[in-house]
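This report describes the chains, selected helix contacts and individual residues of the structure shown below.

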Amino acid sequence: MSATAEADDGAEDAGRPSGGLDGDDGGDDPDFHRTDKEITRQPTKPGITISVVAATTASVFALFGGASAFGVTMIGFAIFGFGLLGARRDLLDFGALGLFGGVAFGALQGAPVLSVLLGTVASVVAWDAGGTALSMGRQMGRETSTSRAETVHALVGTAVGLVAIGLGYTIYRAASGGQPMSALILMLLAVVLLVSGLRL
Amino acid sequence: MSAEATGSESGSASTSPTDRGTQGTTDASTADAAEADATGESGGNPIVSRTDRVTNHWRGISAIVFLAGGLGVLTTTPSLLLASLVGVGYLAYARIGSSPTVALSIQRSLSETNPATGDEVEVTVTVRNEGDSTLVDLRLIDGVPPALSVSDGVPRLATSLRPGASATFQYTVLARRGRHDFDHLLAIARDPAGSVESEIEIETATTLTCTPSLDTTAVVPLRAQTSQYVGRVDTSTGGDGVEFFSTREYQPGDTLSRIDWNRYARDRELTTIEFREERMATVVLMLDLRAEAYKQAEENSLHAVDRSVDAAGRLFTALLETGDRVGIAALSPEDVWLAPGTGNEHRARARELLATHPALSPTPNEEYFSIYLRRRKLRERLPADAQVILLSPLIDDTIARTARLFDAHGHLVTVISPDVTNDDTVGHTVARIQRRNRISDLRKHQVRVVDWRRDESLAMALERTRTRWSQ
């Protein structure tokens, strides 16, 4: 009698005779320990918290642009939330665009300059933190302590936005005596050229 | 993130301490006990491999620039133009990032480097930034050996480290038999904006060695199959010994000291007293190492092979101490054979075999082998007077049949069966019932079975079962 014939008569029909079969899921995958079974590959909680706080801030600033601007932001917020909780990068992108769309719509309605700028920064920070939460969750899992990395990352991102506001707003204030619009457009062009220079 | 590799700048390995020079120096300090500390002028442990890639984290930021900029120009709204400027600021932020310089020194320490099977070992990893720049987004994944499972804590950490700062994370692994080398630590470092990331494998050297304990805690009940030498196993024949066995009619040649003089005084008949003979047994511990035997009741518990090997170690020493001859064999793709013997050298050989033999690895060997041929080969090797202690979870009928065949071929068999069945699902319950049926079937065929429950020590299981046996 061959070994296979013998082996087949017993436990085969009993399904899986014992809980975790060590060999079944671990054996053939050399990177098994890296992709450990208990990893929950979902967006991390600190990242979700940061981006929700930032998105809420963006909505608050959108309120300066009136109810309709706030409405647009809320739609963006909803999509953003789905993207964040469902780990969908595309929804996250569209949601963040919705957040900013609300802020921009408010600007068209004549919202104060500062609220538009701060709303822009808040929606960018929300998008940035959300994206980090997604990638962090994918690479490290939800169980891992990630708050320090994500907080520092979000703070640096916020600081960059605030510095950009500071520079832009100062120039705007300084130039508003003369020809604000053309000055601004020229400045924008100059900066875009400068940044594309950075790319090289 | 897409795994698109950045072109020429990604090759800027000069920013990282991949220099060969440092590698040699740190290699020397690879101690068994876990510490590979920072040496070399670059600081940090040697880097094994480095992959740089762009993360596309900021892809889409230009949408804000152009949406705001376009609307702003069309409607001549200064606030939108300024918002576009903010977008440009972020665009610049995302662009200026380059792959970060990573120099980390890693210390991994174990609460115990030589644990016993089933012990929980706490692993503490301390990572120190030896470079000159702050690592804003540093993700660390420890290379836990494949056979060890993490029972508590997380072997990963995401943090940010200033130069000279260090971070620590802790987790607990369940020690399994064998030698386990920790893998390289994987670090993923992103630049502050998160647009470029470097995946770096950092060399560390930590080994956890878990040898099965050879302490004698159990009294091993043996069956009445013995060799010709004097030992401790009671036989059912009379002769020299300690315990009274029987009296028989005097035969010429019996020693005077064995004659029952009391009886002679009473009725003038010469009788000879016989004592129970005690003999040495030859035992072969047979391990069930087929892939089927690598079953565990639940995650984070020891599988049947681990428990069997641990038990084999204990039985081996216990039997050696009682003066029996013990050997080791296995039903496995690879040949495992230690002929029955005695003495300290034999014990050392067994210890080494149980700890390091590749066939006894904690992960199953799926290679096909014919259990029929293996059985036949073992039968040829077994000394005629050897009895067999089979260590198997009795997970299928093949092994039960094997036990009966050895028994039928004149080697009395005792099965010590670690119970790994469960009753959480219908399938598991069926398997549990089948195993119980196998046990009672074996018992019906005069094969002794020790059902070793999960929450029980081996000594307890042996003691509990022994009370059922009436010699």
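## Basis of the description

Helices and strands are DSSP runs, of at least four residues for helices (H or I) and at least two for strands (E), numbered from the N terminus. By that numbering, Asp191(B) is placed in the loop between strand E9 (183–190) and strand E10 (196–202) of chain B. The model is predicted.

## Surroundings of Asp191(B)

With a relative accessible area of 2%, Asp191(B) is buried, since the term applies to values under 20%. Apart from neighbours within four places in sequence, its contacts are with Gly97(B), Ser98(B), Pro100(B) and Val196(B).

The C-alpha atoms of Asp191(B) and Thr101(B) lie 9.1 Å apart in space, although the two residues are separated by 90 places in sequence.

## The two chains

Chain A has eight helices and zero strands. Read from the N terminus, its elements follow the order α-α-α-α-α-α-α-α. Of its 200 residues, 47% count as buried. The accessible surface of chain A is about 9,000 Å², and carbon and sulfur atoms account for 67% of that area. When contacts in chain A between residues at least 6 apart in sequence are considered, 70% join residues at least 24 apart.

## A helix contact between the chains

Helix H6 of chain A (residues 113–140) meets helix H3 of chain B (residues 78–96): their axes come within 9 Å and cross at roughly 30 degrees. Angles under 35 degrees count as roughly parallel, and H6(A) and H3(B) are therefore roughly parallel to each other. Their crossing is right-handed.

On the side of H6(A), the contact is formed by Val113(A), Val116(A), Leu117(A), Thr120(A), Val121(A), Val124(A) and Val125(A). H3(B) contributes Ser79(B), Leu82(B), Ala83(B), Val86(B) and Tyr90(B). By class, the residues of this contact comprise ten nonpolar, two polar and no charged.

## A helix contact within chain B

Helix H7 (residues 371–381) of chain B packs against H8(B) at an angle of about 25 degrees, and their axes are 12 Å apart. This angle makes H7(B) roughly parallel to H8(B). The crossing of H7(B) with H8(B) is right-handed.

The residues of H7(B) in the contact are Ile371(B), Arg375(B), Leu378(B) and Arg379(B), and those of H8(B) are Thr398(B), Thr402(B), Leu405(B) and Phe406(B). The contact of H7(B) with H8(B) divides into four nonpolar, two polar and two charged residues.

## Ile328(B) in strand E15

Ile328(B) belongs to strand E15 (residues 325–331) of chain B. Its relative accessible area is 0%, so Ile328(B) is buried. With neighbours within four places in sequence left aside, Ile328(B) touches Val284(B), Leu285(B), Leu287(B), Phe316(B), Val336(B), Trp337(B), Leu338(B), Ala350(B), Leu353(B) and Leu354(B).

Between Ile328(B) and Met286(B) the C-alpha to C-alpha distance is 6.0 Å, while their separation in sequence is 42 residues.

## Positive phi angles in two loops of chain B

Most residues other than glycine have a negative phi. In Asn56(B), a residue other than glycine, phi is positive, near 60 degrees. Asn56(B) occupies the loop between strand E1 (47–54) and helix H2 (61–75) of chain B. Its relative accessibility is 25%, so Asn56(B) counts as partly exposed.

Leu394(B), likewise a residue other than glycine, has a positive phi near 55 degrees. Leu394(B) is found in the loop between strand E17 (386–391) and helix H8 (397–408) of chain B. At 0% relative accessibility, Leu394(B) counts as buried.

Technical notes. Residues are numbered from 1 along each chain as its sequence is written. Chains are lettered from A and ligands numbered from 1 in the order in which they are written. This is a predicted model: local features need pLDDT of at least 70, side-chain atom pairs count only at pLDDT 80 or more; totals for chains, interfaces and linings use all residues. Side-chain values use heavy atoms; hydrogens and water are left out. Axes are lines fitted to C-alpha atoms, for helices over the stretch in contact, and angles run from 0 to 180 degrees between N-to-C directions. Angles under 35 degrees count as roughly parallel, over 145 as roughly antiparallel, 65 to 115 as roughly perpendicular and the rest as oblique. A crossing is left-handed if the near helix is turned anticlockwise from the far one by less than a right angle, and right-handed if clockwise. Contact means heavy atoms within 4.5 Å. Ala, Val, Leu, Ile, Met, Phe, Trp, Tyr, Cys and Pro count as nonpolar, Asp, Glu, Lys and Arg as charged, and the others, Gly among them, as polar. Buried means under 20% relative accessible area, exposed over 50%, partly exposed in between (1.4 Å probe, protein chains only). Accessible areas come from the Shrake-Rupley method with a 1.4 Å probe; for residues, only the protein chains shown count as cover.
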